[in-house]
Amino acid sequence: MLDWLDAFLITGLFEVVMIAGLGLLLHLQLGLARIANFGVVGFWGVGMYTFGVLYVKVDWPFGDPWQFLACAAAATLVAGLAGALVGWLISDLDIDGVLVVTLGFATAVQIVATTEADWTGGAFGLGGLGFPYDIGTVKENEFVWLMITGLLVAAILFYVWRVHRSPYGRLLIATGGNEPLARSLGKPTFRTKLWLFVVTSAAMGLLGAMEAVMVRYLDVGHIGISITLAAIVGLVLGGTARVWGAVVGTVLTVGLFDIVIRTYLPLPREWYSQALPVMREVLFGLALILVLLFRPLGLLGDMRRDQLMRKLHGR
Amino acid sequence: MSEAPRPPNLEVAGLRSGYHGVTVLKGLDFTVGDEIFAVLGANGAGKTTLLATLARLIPVMAGSIRFQGRDVTQLRPYTTAGLGMGYVPQEKGVFADLTVLENLTVGGMIGRRPHDERIAEVFELFPGLRDLQGQKAGTLSGGESRMVACGRALMQDPNVLLLDEPTAGLSPLYVDMFFDKIRELHETRGVAIVLAEQNATKALQVAHRVMVLSLGEAYAVVDAADLTTQQLKEGYRI
């Protein structure tokens with residue numbers, strides 16, 4: 001079964017799905033509410049390590065899939081609580097302050113994951129994770145996990161699509177666009193932004209738990225800035241304000257590099273360990289600069305709210 | 001038994017406020033009834049600070065603000081908005097990424113009357129907005145933006161509307177239209193209006209009472225008809 005499917009392709013597709021999911025959540029924060037979260041990987045990492053530590057270190061009275069569900073729920077909850085704390089800290093800050101605090105949070109998460117070796121395995125990593133099912137070969141298990149994660153990201157995409165068409169979405173745009181004005185209109189903007197940050201951070205934590213299952217071995221290298229960078233580049237390239245922006249941008253960046261270039265181009269073997277990761281960051285950075293220079297609203301452009309409103313109201 | 005008199009829409013006593021420790025308003029006392037109350041003054045007099053303070057967007061340093069008898073001095077802006085205080089800022093009065101219709105619906109998130117009914121009333125007052133409803137507010141002209149901002153504030157069904165220099169920078173045609181609308185709004189819908197203006201001539205044509213602000217202090221609070229040119233000149237420090 002699945003002989004036609006390359007194992008590297010599954011890994012590459014999983015990376016695309018994961019970054020697209022993070023990009024969609026970042027779209028709600030940055031594209032609608034204008035919260036410049038540079039600490040995406042921090043919330044993702046909190047979810048990943050919470051899941052990993054609970055799954056490996058706790059002696060659960062039940063096995064999978066309940067063990068997975070309990071650990072994933074806890075990871076989501078802890079990431080949401082981290083979101084509540086960071087969201088509260090950044091609620092009154094300008095964009096520079098938000099960048100510093102969120103970036104600092106992500107750095108702190110990586111430092112804690114490195115230093116708390118008794119729990120996280122530190123620099124040596126944390127093994128013992130596995131799929132909550134076993135349907136055959138590793139490739140088959142990974143393929144099913146890719147499908148499950150794909151469904152989760154599709155659900156996030158559907159949620160984002162719904163938000164764009166809802167009064168809540170308009171409130172987020174209003175709050176992001178002009179917070180004092182939104183406050184003067186009877187909108188509790190602090191609560192709105194905080195709740196958005198909690199929910200999206202919790203979802204990032206859940207995606208982190210999904211990643212932990214896929215990689216099955218956690219090391220601090222997983223939670224580096226490259227994850228945040230990939231999500232931001234994908235989102236900006238596609239269009240921060242558009243529903244499909246993160247998906248299109250991620251396919252064109254992570255998809256193109258991690259699947260097409262890394263998997264199918266005949267590159268020298270020695271490049272894979274050192275040169276390719278660096279080249280990836282350089283190309284992503286270059287893509288970001290080019291988009292900001294020549295198409296600052298992203299490939300899909302600005303929000304099409306005029307068309308959306310005509311569709312919704314037929315006016 | 002005779003009914004107790006209704007409290008004024010706004011009662012301001014000893015109001016001091018400002019930014020980052022700098023006092024701009026230095027102890028204002030005035031009331032606003034069912035009327036158009038103009039706040040006149042030169043640049044820097046404190047008109048914008050006063051309206052933003054009344055809208056509860058700037059913290060009060062001292063004094064009190066009562067809205068229809070209720071102390072709102074320490075309330076949050078969204079709470080006072082919910083009580084019926086509408087605010088139209090001088091600049092950045094629209095949500096640029098939302099369409100005109102969406103701007104109006106955001107304003108209508110509070111209040112009980114059906115949205116469509118309120119939107120129809122706004123279009124009746126500002127017919128020009130009907131054709132622009134699908135257009136993003138960030139692409140509108142200055143006059144159109146002000147109409148959207150006013151319309152959005154009216155969607156809240158306010159009892160008191162705070163208008164911060166609604167005609168600043170507009171062409172004479174729009175200026176005349178706006179002052180007509182302000183009067184119409186008060187007469188047909190009974191909305192009390194606090195109107196901050198630099199254009200004293202126009203403001204005095206529609207206002208019932210007027211306060212001349214000078215460097216954060218009330219130089220004069222009088223009936224509009226009683227305001228003398230001398231008071232105005234001294235208030236404007238001309």
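**View 1. The loop between helix 1 and helix 2 of chain A.** A:Arg34 sits in the loop that links helix 1 to helix 2 of chain A. The model shown here and in the other views is a predicted one. The phi angle of A:Arg34 is near 60°, which is a positive value in a residue other than glycine. Most residues other than glycine have a negative phi.

View 2. A:Asp64 and A:Pro65 are joined by a cis peptide bond, with omega about 10°. A:Pro65 belongs to the loop between helix 2 (40-57) and helix 3 of chain A. Most peptide bonds are trans.

**View 3. Helix 3 against helix 4 in chain A.** Helix 3 (residues 66-90) and helix 4 (residues 95-115) of chain A have axes that come within 10 Å and cross at roughly 155°. Angles over 145 degrees count as roughly antiparallel, and helix 3 of chain A and helix 4 of chain A are therefore roughly antiparallel to each other. Their crossing is right-handed. From helix 3 of chain A the contact takes in A:Ala82, A:Val86, A:Leu89 and A:Ile90, and these meet A:Val98, A:Val101, A:Thr102 and A:Phe105 of helix 4 of chain A. Sorted by class, the residues of this contact between helix 3 and helix 4 of chain A are seven nonpolar, one polar and no charged.

**View 4. Helix 1 against helix 10 in chain A.** The angle between helix 1 (residues 7-32) and helix 10 (residues 225-238) of chain A is about 70°, and their axes are 9 Å apart. This angle makes helix 1 of chain A roughly perpendicular to helix 10 of chain A. The crossing of the two helices is right-handed. Helix 1 of chain A contributes A:Ile19, A:Leu22, A:Gly23, A:Leu26, A:His27 and A:Leu30 to the contact, while helix 10 of chain A contributes A:Ile227, A:Ala230, A:Ala231, A:Ile232 and A:Leu235. By class, the contact of helix 1 with helix 10 of chain A holds nine nonpolar, two polar and no charged residues.

**View 5. Surroundings of A:Thr263.** A:Thr263 is part of helix 11 (residues 245-264) of chain A. Leaving aside residues up to four places away in sequence, A:Thr263 touches A:Phe8 and A:Asp258. Between A:Thr263 and A:Gly136 there are 127 residues in sequence and 24 Å in space, taken from C-alpha to C-alpha.

**View 6. The four-stranded sheet of chain B.** In chain B, four strands make up an open sheet with the order 2-1-4-5 and antiparallel pairing. Strand 1 (residues 10-19) of chain B runs antiparallel to strand 2 of chain B, and eight bridges join the two. Opposite B:Glu11 stands B:Thr31, a residue of strand 2 of chain B.

**View 7. The hairpin of strand 9 and strand 10 in chain B.** Six bridges pair strand 9 (residues 209-214) with strand 10 (residues 217-223) of chain B in the antiparallel sense. B:Val212 stands opposite B:Ala220, which is in strand 10 of chain B. Two residues lie between the strands of this hairpin, and in the turn B:Leu215 has a positive phi of about 50°.

**View 8. Helix 3 against helix 4 in chain B.** Helix 3 (residues 100-107) and helix 4 (residues 115-125) of chain B pack with their axes 10 Å apart, at an angle of about 120°. Helix 3 of chain B is therefore oblique to helix 4 of chain B. The crossing of helix 3 and helix 4 of chain B is right-handed. B:Leu101, B:Leu104 and B:Thr105 of helix 3 of chain B meet B:His115, B:Ile119, B:Val122 and B:Phe123 of helix 4 of chain B. The residues in this contact of helix 3 with helix 4 of chain B comprise five nonpolar, two polar and no charged.

**View 9. The interface of chain B with chain A.** In this interface 26 residues of chain B are in contact with 24 residues of chain A. About 2300 Å² is buried between chain B and chain A, and carbon and sulfur atoms give 66% of that area. On the chain B side, B:Tyr78, B:Phe95 and B:Asp97 lose the most area to chain A, together 25% of what that side buries.

Conventions: Residues are numbered from 1 along each chain as its sequence is written. Chains are lettered from A and ligands numbered from 1 in the order in which they are written. This is a predicted model: local features need pLDDT of at least 70, side-chain atom pairs count only at pLDDT 80 or more; totals for chains, interfaces and linings use all residues. Side-chain values use heavy atoms; hydrogens and water are left out. Axes are lines fitted to C-alpha atoms, for helices over the stretch in contact, and angles run from 0 to 180 degrees between N-to-C directions. Angles under 35 degrees count as roughly parallel, over 145 as roughly antiparallel, 65 to 115 as roughly perpendicular and the rest as oblique. A crossing is left-handed if the near helix is turned anticlockwise from the far one by less than a right angle, and right-handed if clockwise. Contact means heavy atoms within 4.5 Å. Ala, Val, Leu, Ile, Met, Phe, Trp, Tyr, Cys and Pro count as nonpolar, Asp, Glu, Lys and Arg as charged, and the others, Gly among them, as polar. Two strands pair if DSSP finds at least two bridges between them. Buried area is the accessible area (1.4 Å probe) that two parts lose on being put together, summed over both.
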